Amino acid sequence: MNFRRQILSQFPELEDPKSHPRFTGIPSFMRAPFTENLTDLDIAMCGVPYDGGVTNRTGTRLGPRDVRIQSTMMRCYNQATGAAPYEKARIGDIGDAWPVMPFELEHAHKEIESFFQEIKEAGALPLAVGGDHSMSLPILRALAKDGPVALVQIDAHCDTGGMYQGSEHHHGSSFSAAVNEGLIDPKKSVQIGIRGGTIVPDLWKFSHDHGMRVITIDELYDMGIATAMQEACDIVGDTPTYVTFDIDSLDPAFAPGTGTPEIGGITSYEALKMVRSLKDLNIIGADIVEVSPPFDPSGGTALIAATLMFELLCLMADCVDRNKGS
Ligand code: MN
Ligand code: MN
(Lines give C-alpha, C1' and ligand atoms only; values in the text may rest on other atoms or scores of the structure.)
(Ligands and ions follow the chains in the order given, each with its own letter.)
Protein backbone atom coordinates (compact mmCIF):
# COMPACT_ATOMS: atom_id res chain seq x y z
CA MET A 1 0.00 0.00 0.00
CA ASN A 2 2.76 2.43 0.92
CA PHE A 3 4.65 1.55 -2.24
CA ARG A 4 1.49 2.27 -4.25
CA ARG A 5 1.04 5.60 -2.45
CA GLN A 6 4.64 6.45 -3.13
CA ILE A 7 4.17 5.86 -6.85
CA LEU A 8 0.86 7.74 -6.86
CA SER A 9 2.53 10.73 -5.23
CA GLN A 10 4.53 11.15 -8.42
CA PHE A 11 1.26 11.68 -10.32
CA PRO A 12 -0.64 14.41 -8.45
CA GLU A 13 -3.31 14.59 -11.18
CA LEU A 14 -4.50 11.17 -9.98
CA GLU A 15 -5.82 12.77 -6.77
CA ASP A 16 -9.04 13.47 -8.67
CA PRO A 17 -11.24 10.35 -8.95
CA LYS A 18 -12.22 11.51 -12.46
CA SER A 19 -8.61 10.87 -13.44
CA HIS A 20 -8.55 7.30 -12.15
CA PRO A 21 -8.76 4.54 -14.73
CA ARG A 22 -12.49 4.42 -15.55
CA PHE A 23 -12.78 0.70 -14.88
CA THR A 24 -11.53 1.01 -11.29
CA GLY A 25 -13.08 1.88 -7.96
CA ILE A 26 -16.72 2.18 -6.91
CA PRO A 27 -18.67 3.75 -9.78
CA SER A 28 -20.21 7.05 -8.75
CA PHE A 29 -22.06 9.09 -11.40
CA MET A 30 -19.40 10.44 -13.81
CA ARG A 31 -16.72 9.34 -11.30
CA ALA A 32 -17.57 12.52 -9.38
CA PRO A 33 -16.84 12.37 -5.66
CA PHE A 34 -19.41 10.59 -3.51
CA THR A 35 -20.55 12.77 -0.62
CA GLU A 36 -23.52 13.01 1.69
CA ASN A 37 -22.58 16.55 2.71
CA LEU A 38 -24.99 18.62 0.65
CA THR A 39 -23.58 21.95 1.80
CA ASP A 40 -20.49 21.33 -0.34
CA LEU A 41 -22.49 21.00 -3.54
CA ASP A 42 -24.08 23.13 -6.23
CA ILE A 43 -25.35 20.10 -8.15
CA ALA A 44 -26.37 16.86 -6.44
CA MET A 45 -26.47 13.84 -8.74
CA CYS A 46 -28.52 10.99 -7.33
CA GLY A 47 -30.39 7.83 -8.20
CA VAL A 48 -34.03 6.98 -7.54
CA PRO A 49 -34.06 3.17 -7.78
CA TYR A 50 -37.83 2.86 -7.62
CA ASP A 51 -40.25 1.28 -10.12
CA GLY A 52 -43.43 0.84 -8.12
CA GLY A 53 -45.36 3.00 -10.61
CA VAL A 54 -44.88 1.08 -13.87
CA THR A 55 -47.87 -0.11 -15.89
CA ASN A 56 -45.94 -2.55 -18.11
CA ARG A 57 -42.46 -4.10 -17.83
CA THR A 58 -40.59 -3.46 -14.58
CA GLY A 59 -36.85 -3.13 -14.04
CA THR A 60 -36.14 0.60 -13.81
CA ARG A 61 -35.24 0.19 -10.14
CA LEU A 62 -31.95 -1.08 -11.56
CA GLY A 63 -31.50 2.01 -13.74
CA PRO A 64 -29.32 4.16 -11.48
CA ARG A 65 -26.80 1.37 -10.95
CA ASP A 66 -26.29 0.72 -14.67
CA VAL A 67 -26.22 4.42 -15.53
CA ARG A 68 -23.51 4.89 -12.87
CA ILE A 69 -21.43 2.17 -14.54
CA GLN A 70 -21.90 3.57 -18.06
CA SER A 71 -21.29 7.12 -16.80
CA THR A 72 -17.67 6.23 -16.05
CA MET A 73 -17.22 6.93 -19.78
CA MET A 74 -18.10 10.60 -19.25
CA ARG A 75 -15.28 13.10 -19.30
CA CYS A 76 -14.76 16.61 -17.93
CA TYR A 77 -15.32 18.78 -21.02
CA ASN A 78 -18.06 18.95 -23.60
CA GLN A 79 -16.36 19.02 -26.97
CA ALA A 80 -19.51 20.15 -28.81
CA THR A 81 -20.51 23.04 -26.56
CA GLY A 82 -17.26 23.91 -24.82
CA ALA A 83 -18.93 23.44 -21.42
CA ALA A 84 -16.65 22.71 -18.46
CA PRO A 85 -19.10 21.77 -15.71
CA TYR A 86 -16.52 20.93 -13.04
CA GLU A 87 -14.97 24.38 -13.43
CA LYS A 88 -18.33 26.09 -13.00
CA ALA A 89 -19.96 24.19 -10.16
CA ARG A 90 -19.31 21.89 -7.23
CA ILE A 91 -20.67 18.53 -8.32
CA GLY A 92 -21.05 15.25 -6.45
CA ASP A 93 -22.94 11.97 -6.29
CA ILE A 94 -25.03 11.91 -3.11
CA GLY A 95 -26.22 8.31 -3.47
CA ASP A 96 -29.78 7.06 -3.86
CA ALA A 97 -33.25 8.13 -2.76
CA TRP A 98 -34.26 4.54 -2.12
CA PRO A 99 -37.62 4.15 -0.41
CA VAL A 100 -37.61 2.15 2.81
CA MET A 101 -41.26 1.20 2.09
CA PRO A 102 -41.28 0.55 -1.67
CA PHE A 103 -44.51 -1.45 -1.69
CA GLU A 104 -46.65 1.51 -0.67
CA LEU A 105 -46.44 3.89 -3.63
CA GLU A 106 -47.68 6.97 -1.82
CA HIS A 107 -45.36 6.32 1.11
CA ALA A 108 -42.43 5.74 -1.26
CA HIS A 109 -43.26 9.04 -2.95
CA LYS A 110 -43.23 10.80 0.44
CA GLU A 111 -39.78 9.36 1.11
CA ILE A 112 -38.51 10.49 -2.30
CA GLU A 113 -39.99 13.97 -1.73
CA SER A 114 -38.21 14.36 1.60
CA PHE A 115 -34.87 13.34 0.02
CA PHE A 116 -35.26 16.10 -2.60
CA GLN A 117 -36.54 18.54 0.00
CA GLU A 118 -33.16 18.21 1.73
CA ILE A 119 -31.34 18.93 -1.53
CA LYS A 120 -33.46 22.03 -2.10
CA GLU A 121 -32.97 23.27 1.44
CA ALA A 122 -29.19 22.90 1.04
CA GLY A 123 -29.38 25.14 -2.02
CA ALA A 124 -28.20 22.47 -4.48
CA LEU A 125 -29.82 21.55 -7.80
CA PRO A 126 -30.82 17.88 -8.15
CA LEU A 127 -29.94 15.82 -11.22
CA ALA A 128 -31.72 12.50 -10.76
CA VAL A 129 -31.69 9.16 -12.57
CA GLY A 130 -34.63 6.77 -12.28
CA GLY A 131 -36.51 4.88 -11.73
CA ASP A 132 -39.94 5.08 -13.32
CA HIS A 133 -41.53 8.37 -14.33
CA SER A 134 -43.81 8.46 -11.27
CA MET A 135 -40.75 9.76 -9.37
CA SER A 136 -40.94 13.17 -11.05
CA LEU A 137 -44.08 13.96 -9.04
CA PRO A 138 -42.47 13.75 -5.57
CA ILE A 139 -39.41 15.60 -6.91
CA LEU A 140 -41.68 18.42 -8.15
CA ARG A 141 -43.51 18.39 -4.80
CA ALA A 142 -40.16 19.14 -3.16
CA LEU A 143 -38.93 21.71 -5.69
CA ALA A 144 -42.13 23.63 -6.41
CA LYS A 145 -43.22 24.36 -2.85
CA ASP A 146 -42.98 28.12 -3.47
CA GLY A 147 -45.12 28.09 -6.62
CA PRO A 148 -45.48 26.39 -9.98
CA VAL A 149 -42.44 25.88 -12.20
CA ALA A 150 -42.20 25.43 -15.97
CA LEU A 151 -41.71 21.98 -17.48
CA VAL A 152 -39.84 20.64 -20.49
CA GLN A 153 -40.65 16.96 -20.96
CA ILE A 154 -39.09 14.85 -23.69
CA ASP A 155 -41.05 11.61 -23.82
CA ALA A 156 -43.07 9.30 -26.08
CA HIS A 157 -45.98 9.80 -23.67
CA CYS A 158 -47.51 12.87 -22.04
CA ASP A 159 -47.99 11.06 -18.71
CA THR A 160 -51.08 13.16 -18.07
CA GLY A 161 -53.40 10.17 -17.75
CA GLY A 162 -55.91 9.63 -14.99
CA MET A 163 -56.86 6.70 -12.78
CA TYR A 164 -55.44 3.38 -13.93
CA GLN A 165 -56.64 0.11 -12.39
CA GLY A 166 -58.03 2.08 -9.47
CA SER A 167 -54.81 3.97 -8.77
CA GLU A 168 -54.38 7.69 -9.16
CA HIS A 169 -50.59 7.64 -9.15
CA HIS A 170 -48.45 5.70 -11.63
CA HIS A 171 -45.84 6.54 -14.23
CA GLY A 172 -48.49 7.64 -16.72
CA SER A 173 -50.10 10.31 -14.52
CA SER A 174 -47.23 12.30 -12.98
CA PHE A 175 -47.85 15.51 -14.90
CA SER A 176 -51.63 15.68 -14.63
CA ALA A 177 -51.09 15.31 -10.88
CA ALA A 178 -48.37 17.99 -10.98
CA VAL A 179 -50.77 20.41 -12.72
CA ASN A 180 -53.63 19.58 -10.33
CA GLU A 181 -51.36 20.14 -7.34
CA GLY A 182 -50.15 23.49 -8.69
CA LEU A 183 -46.54 22.28 -9.07
CA ILE A 184 -46.19 23.07 -12.77
CA ASP A 185 -47.76 25.84 -14.83
CA PRO A 186 -49.53 24.03 -17.69
CA LYS A 187 -49.22 27.11 -19.91
CA LYS A 188 -45.45 26.87 -19.45
CA SER A 189 -45.23 23.13 -20.00
CA VAL A 190 -44.03 21.52 -23.21
CA GLN A 191 -44.21 17.80 -23.99
CA ILE A 192 -42.12 16.73 -26.97
CA GLY A 193 -41.88 13.50 -28.97
CA ILE A 194 -45.37 12.17 -28.19
CA ARG A 195 -46.51 9.12 -30.19
CA GLY A 196 -47.89 5.60 -30.07
CA GLY A 197 -51.38 4.16 -29.80
CA THR A 198 -53.73 5.03 -26.99
CA ILE A 199 -56.29 3.05 -25.02
CA VAL A 200 -58.93 5.77 -25.41
CA PRO A 201 -59.38 8.15 -28.39
CA ASP A 202 -57.80 11.17 -26.69
CA LEU A 203 -55.58 9.81 -23.93
CA TRP A 204 -53.77 13.13 -23.51
CA LYS A 205 -56.95 15.23 -23.36
CA PHE A 206 -55.75 16.60 -20.02
CA SER A 207 -52.68 18.16 -21.66
CA HIS A 208 -54.75 19.76 -24.42
CA ASP A 209 -57.51 20.95 -22.07
CA HIS A 210 -55.02 22.61 -19.73
CA GLY A 211 -53.03 24.39 -22.43
CA MET A 212 -49.87 22.29 -22.23
CA ARG A 213 -47.97 22.40 -25.53
CA VAL A 214 -47.89 18.88 -26.95
CA ILE A 215 -45.43 18.46 -29.82
CA THR A 216 -46.02 15.07 -31.37
CA ILE A 217 -43.22 13.22 -33.10
CA ASP A 218 -44.77 14.07 -36.50
CA GLU A 219 -44.90 17.76 -35.64
CA LEU A 220 -41.34 17.62 -34.32
CA TYR A 221 -40.02 16.26 -37.61
CA ASP A 222 -42.30 18.46 -39.74
CA MET A 223 -41.17 21.64 -37.94
CA GLY A 224 -37.59 20.55 -37.57
CA ILE A 225 -35.92 19.99 -34.24
CA ALA A 226 -34.33 23.44 -33.98
CA THR A 227 -37.65 25.23 -34.57
CA ALA A 228 -39.55 22.99 -32.16
CA MET A 229 -36.97 23.42 -29.42
CA GLN A 230 -36.92 27.19 -29.96
CA GLU A 231 -40.69 27.20 -29.45
CA ALA A 232 -40.24 25.17 -26.26
CA CYS A 233 -37.65 27.66 -24.97
CA ASP A 234 -39.91 30.60 -25.86
CA ILE A 235 -42.83 29.04 -23.96
CA VAL A 236 -40.92 28.53 -20.70
CA GLY A 237 -38.85 31.73 -21.03
CA ASP A 238 -36.84 32.53 -17.92
CA THR A 239 -39.29 30.83 -15.55
CA PRO A 240 -37.59 28.34 -13.21
CA THR A 241 -37.84 25.12 -15.23
CA TYR A 242 -37.74 21.42 -14.46
CA VAL A 243 -36.44 19.22 -17.30
CA THR A 244 -37.56 15.62 -17.43
CA PHE A 245 -36.20 13.20 -20.03
CA ASP A 246 -37.93 9.85 -20.52
CA ILE A 247 -35.54 7.51 -22.34
CA ASP A 248 -38.53 6.02 -24.24
CA SER A 249 -38.56 9.25 -26.28
CA LEU A 250 -35.78 7.58 -28.25
CA ASP A 251 -36.54 4.97 -30.86
CA PRO A 252 -36.13 1.47 -29.39
CA ALA A 253 -33.56 0.85 -32.14
CA PHE A 254 -31.32 3.12 -30.04
CA ALA A 255 -32.75 2.65 -26.56
CA PRO A 256 -34.48 -0.74 -26.25
CA GLY A 257 -33.86 -0.91 -22.51
CA THR A 258 -37.12 0.58 -21.30
CA GLY A 259 -40.47 -0.69 -20.09
CA THR A 260 -42.88 1.02 -22.50
CA PRO A 261 -41.05 1.29 -25.86
CA GLU A 262 -42.66 3.08 -28.83
CA ILE A 263 -41.19 2.81 -32.30
CA GLY A 264 -40.71 5.85 -34.54
CA GLY A 265 -38.79 7.90 -32.00
CA ILE A 266 -35.82 10.25 -32.00
CA THR A 267 -32.23 9.15 -32.53
CA SER A 268 -29.50 9.44 -29.90
CA TYR A 269 -27.93 12.32 -31.91
CA GLU A 270 -31.25 14.18 -32.00
CA ALA A 271 -31.59 13.64 -28.24
CA LEU A 272 -28.22 15.33 -27.70
CA LYS A 273 -29.20 18.27 -29.90
CA MET A 274 -32.55 18.64 -28.12
CA VAL A 275 -30.98 18.76 -24.67
CA ARG A 276 -28.26 21.17 -25.82
CA SER A 277 -30.91 23.52 -27.18
CA LEU A 278 -32.11 24.14 -23.59
CA LYS A 279 -28.89 26.00 -22.78
CA ASP A 280 -30.47 29.36 -21.94
CA LEU A 281 -33.14 28.03 -19.59
CA ASN A 282 -33.20 28.60 -15.86
CA ILE A 283 -33.04 24.92 -14.86
CA ILE A 284 -33.84 24.15 -11.21
CA GLY A 285 -33.56 20.39 -11.51
CA ALA A 286 -33.70 17.55 -14.00
CA ASP A 287 -34.19 13.84 -14.28
CA ILE A 288 -33.63 10.99 -16.71
CA VAL A 289 -36.09 8.18 -16.23
CA GLU A 290 -37.28 4.77 -17.40
CA VAL A 291 -33.94 3.05 -18.13
CA SER A 292 -34.66 -0.64 -17.53
CA PRO A 293 -31.43 -2.70 -17.47
CA PRO A 294 -33.11 -6.13 -17.81
CA PHE A 295 -34.04 -5.05 -21.38
CA ASP A 296 -30.64 -3.47 -22.00
CA PRO A 297 -28.18 -6.35 -22.21
CA SER A 298 -25.51 -4.31 -24.05
CA GLY A 299 -25.76 -1.37 -21.66
CA GLY A 300 -26.36 0.89 -24.66
CA THR A 301 -29.54 2.45 -23.27
CA ALA A 302 -27.79 3.22 -19.99
CA LEU A 303 -24.90 4.76 -21.96
CA ILE A 304 -27.33 7.08 -23.76
CA ALA A 305 -28.89 8.03 -20.42
CA ALA A 306 -25.45 8.68 -18.90
CA THR A 307 -24.46 10.86 -21.87
CA LEU A 308 -27.70 12.86 -21.77
CA MET A 309 -27.17 13.21 -18.03
CA PHE A 310 -23.76 14.72 -18.76
CA GLU A 311 -25.37 17.16 -21.23
CA LEU A 312 -27.87 18.18 -18.54
CA LEU A 313 -25.03 18.51 -16.04
CA CYS A 314 -23.29 20.93 -18.44
CA LEU A 315 -26.45 23.07 -18.72
CA MET A 316 -27.03 23.06 -14.97
CA ALA A 317 -23.42 23.98 -14.17
CA ASP A 318 -23.75 26.96 -16.51
CA CYS A 319 -26.98 27.94 -14.69
CA VAL A 320 -25.13 27.78 -11.35
CA ASP A 321 -22.38 29.96 -12.81
CA ARG A 322 -24.85 32.51 -14.26
CA ASN A 323 -26.74 32.72 -10.94
CA LYS A 324 -23.48 33.31 -9.04
CA GLY A 325 -22.85 36.30 -11.30
CA SER A 326 -26.29 37.81 -10.83
MN1 MN B 1 -42.67 7.47 -21.87
MN1 MN C 1 -42.77 9.19 -19.19
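Visitor: Is aspartate 159 buried or exposed?

Guide: Happy to start there, and keep in mind that this is a predicted model. Aspartate 159 has a relative accessible area of 4%. A residue counts as buried when that value is under 20%, so aspartate 159 is buried.

Visitor: Which protein residues are the donors of the manganese ion (ligand 2)?

Guide: Aspartate 159 is one of them. Along the chain, the donors follow the spacing H-x21-D-x3-D-x86-D. They lie 2.1 to 2.2 Å from the ion, and they are His133 (ND1), Asp155 (OD), Asp159 (OD) and Asp246 (OD).

Visitor: How many residues apart are histidine 133 and aspartate 159?

Guide: Histidine 133 sits in the loop between strand S3 (125-130) and helix H5 (136-143). Aspartate 159 belongs to the loop between strand S4 (149-154) and helix H6 (174-180). The pair links distant parts of the chain, and the two residues are 26 residues apart.

Visitor: Why does histidine 133 count as buried?

Guide: The cut-off for buried is under 20% relative accessible area. Histidine 133 counts as buried because its relative accessibility is 0%.

Visitor: Where is strand S2 placed, enclosed or open?

Guide: Strand S2 covers residues 91-96, and five of its six residues are buried. That is why S2 is largely enclosed by the rest of the structure.

Visitor: What is the bridge partner of methionine 45 in S2?

Guide: Strand S1 (residues 43-48) pairs with S2 in the parallel sense, over four bridges. In S2, the partner of methionine 45 is aspartate 93.

Visitor: Which class has 13 residues in the lining of the largest pocket?

Guide: The largest pocket has a volume of about 520 Å³. Of its 26 lining residues, those closest to the centre include His157 and Trp204. By class, six lining residues are nonpolar and seven are charged, and the class with 13 is polar.

Visitor: Which element gives the largest share of the lining of the second largest pocket?

Guide: This pocket holds about 330 Å³ of space. Its lining has 18 residues, with Gly25, Ile26, Pro27, Ser28 and Phe34 nearest the centre. The largest share is three residues, and they come from S2.

Conventions:
Residues are numbered from 1 along each chain as its sequence is written. Chains are lettered from A and ligands numbered from 1 in the order in which they are written. This is a predicted model: local features need pLDDT of at least 70, side-chain atom pairs count only at pLDDT 80 or more; totals for chains, interfaces and linings use all residues. Side-chain values use heavy atoms; hydrogens and water are left out. Buried means under 20% relative accessible area, exposed over 50%, partly exposed in between (1.4 Å probe, protein chains only). Two strands pair if DSSP finds at least two bridges between them. Donors are N, O and S atoms within 2.8 Å of the metal (3.2 Å for Na, K and Ca); water is not among the atoms, so sites may look incomplete. On a 1 Å grid over the protein atoms alone, a cavity is a set of points where a 1.4 Å probe fits but cannot get out, and a pocket is an open set with protein on both sides within 12 Å along at least five of seven lines; lining residues have an atom within 4 Å of a point. Grid points are joined across faces, edges and corners, and a volume is the space filled by probe spheres set on the points. Ala, Val, Leu, Ile, Met, Phe, Trp, Tyr, Cys and Pro count as nonpolar, Asp, Glu, Lys and Arg as charged, and the others, Gly among them, as polar.
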